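Here is a short briefing on charged side chains and where they pair up. Take a look at the model first.

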Amino acid sequence: MRRERSCSGLSLSEVARRADISKSKLSHLEAGKDNPSLETLWAPCVALDIPYSQLLDPPRPHIQAIRADEGAAVADEQRVILIRRAALGER
């Protein structure tokens, strides 16, 4: 929740006001020191204009797949070199 609030550029006080919950309650939620009800979590989501599921699903890392036979061609002054990752088991 803290990450979402930071991304929105809103202060703890402003989100608490918009969600109609106390600032200390919101602080405890952000710190993971509370066992909130669905309703308690719903209010900050509305205040932050984010889907409820965004709080429950962990952020997914950006992953880019590069096939073993694919790679970037890098030119040097005398030749073109193909840079690629070896496939599993290949040396």
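Which side chain does Arg17 meet in a salt bridge? Arg17 meets Glu14, at 2.6 Å from N to O. A salt bridge here is a side-chain nitrogen of Lys or Arg within 4 Å of a carboxyl oxygen of Asp or Glu. By this rule there are six salt bridges.

This is a predicted model: local features need pLDDT of at least 70, side-chain atom pairs count only at pLDDT 80 or more, and totals for chains, interfaces and linings use all residues. Residues are numbered from 1 along each chain as its sequence is written, and side-chain values use heavy atoms, with hydrogens and water left out.

**Within helix H2**
- Arg17 and Glu14 are three residues apart in helix H2 (residues 12-19), so about one helical turn separates them. Helices are DSSP runs (H or I, at least four residues), numbered from the N terminus.
- Arg17 is exposed, at 57% relative accessibility. Glu14 is partly exposed, at 21%. The cut-offs are under 20% relative accessible area for buried, over 50% for exposed, and in between for partly exposed (1.4 Å probe, protein chains only).
- Elsewhere, shared partners join the salt bridges of Arg2, Arg5 and Glu30 into one network.

**Between helices H1 and H3**
- Glu30 and Arg5 form a salt bridge, at 2.5 Å from N to O.
- Glu30 lies in helix H3 (residues 23-31) and Arg5 in helix H1 (residues 2-8), so the pair ties together parts 25 residues apart in sequence.
- Both Glu30 and Arg5 are buried.

**Neighbours in sequence**
- Glu4 pairs with Arg3 in a salt bridge, with the closest N and O atoms 3.2 Å apart.
- Glu4 is buried, at 11% relative accessibility, whereas Arg3 is partly exposed, at 42%.

Notes
Helix = DSSP H or I, 4+ residues; strand = E, 2+ residues; numbered from the N terminus.
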